[in-house]
Amino acid sequence: MATVAKLKVITTVSEIQSIVENLKRQGKSVGLVPTMGSLHEGHISLIRASVKENDCTVVTIFVNPTQFGPNEDFDRYPRNLKTDTEICQREHVQYIFAPSNTEMYSNKEDTYYVIPPEKYTSILCGKHRPGHFEGVATVVTKLFNIIPAQKAYFGQKDAQQLFIIKKLAKQLNIAIEIITCPIVREADNLAMSSRNLNLTEKQRTIAPKLFEALNSIKQGYSSGNKDFETLANIAKNEILDQYKQIRLEYLQAYDYENLQQIHTLKPDTLIAIAAKLGEVRLIDNIIIE
Ligand code: AMP
């Protein structure tokens with residue numbers, strides 16, 4: 001795809017809006033990659049997909065306050081704009097949109113929220129993080145309005161988020177194609193996450209057990225056992241319970257078509273896990289094909 005311009009970091013809504021308007025007027029395709037920054041190979045895979053498929057890529061870097069609960073890690077969330085800029089430059093991104101909190105939300109009292117259906121937000125991560133998906137849906141809708149790209153790229157790593165955003169685009173008639181990118185993992189299969197930076201050395205050695213648990217369920221299914229509870233109990237007993245540092249939040253199976261909990265495994269089942277290691281909350285998932 002043709003390169004449009006050298007990387008620019010834009011901080012105001014009005015400027016990025018006029019840039020995107022101009023690009024579209026010139027007939028250029030725009031790809032949007034929303035992130036909270038502290039970019040790693042997972043984010044880079046989304047960026048590469050966008051750079052490959054579009055004339056111009058806009059990466060947004062915004063640690064969105066409305067998706068963090070009062071006792072969550074908003075303050076501790078890693079921020080590395082300088083390194084992120086270098087990565088984006090190297091990956092041929094044309095624009096970073098990195099607004100301040102006040103640029104995105106002029107004041108708390110005037111914030112309008114996008115509220116996804118409760119059946120999608122009261123389960124899995126939403127159950128443990130009240131208000132999280134309302135914050136995600138709100139910021140993603142704002143970003144879609146600010147940057148009306150042709151395509152937006154999201155990771156399978158955040159499976160519930162991806163489900164909700166796909167529904168959001170459809171239900172709110174947003175003409176942006178949502179592209180799913182597979183989970184990128186470390187060599188020991190830990191799903192890449194900006195939060196991995198906050199793990200201690202010891203916690204880092206234990207963190208891959210989350211994937212191991214998911215994988216053991218998948219293996220059990222491949223060997224013919226379809227009963228999720230049986231397989232989950234084996235994974236808990238043999239893997240997760242061996243490490244007292246792992247505080248399991250959930251290990252559950254959902255039909256990925258409609259996000260309804262299921263107990264008998266079948267194709268297109270999402271098996272999702274969340275656990276805390278110390279103060280660091282990790283999530284991972286696997287889809288049974
Ligand atoms: P975040 O910065 O954590 O909000 O993530 C921004 C985007 O990157 C989301 O669409 C995530 O699903 C995606 N992402 C984060 N980690 C990974 C990963 N390990 N593999 C693929 N995509 C990821």
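Helices (H or I, at least four residues) and strands (E, at least two) are DSSP runs numbered from the N terminus. This is a predicted model, in which local features need pLDDT of at least 70, side-chain atom pairs count only at pLDDT 80 or more, and totals for chains, interfaces and linings use all residues. Residues are numbered from 1 along each chain as its sequence is written, and side-chain values use heavy atoms, with hydrogens and water left out.

The shell around the ligand draws at least two residues from each of strand 2 (30-35), helix 2 (41-53) and strand 5 (151-155). Helix 2 gives the largest share, three residues. The ligand has 17 residues around it, and those that come nearest are Met-36, His-43, Asp-158, Val-184 and Met-192; a residue is near a molecule if one of its heavy atoms lies within 4 Å of it. By class, the shell holds nine nonpolar, six polar and two charged residues. Here Ala, Val, Leu, Ile, Met, Phe, Trp, Tyr, Cys and Pro count as nonpolar, Asp, Glu, Lys and Arg as charged, and the others, Gly among them, as polar.

Taken alone, the ligand exposes 490 Å², of which the protein buries 93% (areas from the Shrake-Rupley method with a 1.4 Å probe).

A cavity is a set of points, on a 1 Å grid over the protein atoms alone, where a 1.4 Å probe fits but cannot get out; lining residues have an atom within 4 Å of a point. One cavity of 30 Å³ or more is found in the whole structure. The largest cavity contains about 830 Å³ of space, a volume being the space filled by probe spheres set on the points. Its lining has 46 residues, and Met-36, His-43, Lys-157, Asp-158 and Gln-161 are the closest to its centre. The ligand takes up the space of this largest cavity.

Helix 7 (132-146) is among the elements that each supply at least two lining residues, and its six residues are the largest share of that lining. The lining of the largest cavity comprises 25 nonpolar, 15 polar and six charged residues.

Note on methods: On a 1 Å grid over the protein atoms alone, a cavity is a set of points where a 1.4 Å probe fits but cannot get out, and a pocket is an open set with protein on both sides within 12 Å along at least five of seven lines; lining residues have an atom within 4 Å of a point. A molecule sits in a cavity or pocket if more than half of its atoms lie within 2 Å of its grid points.
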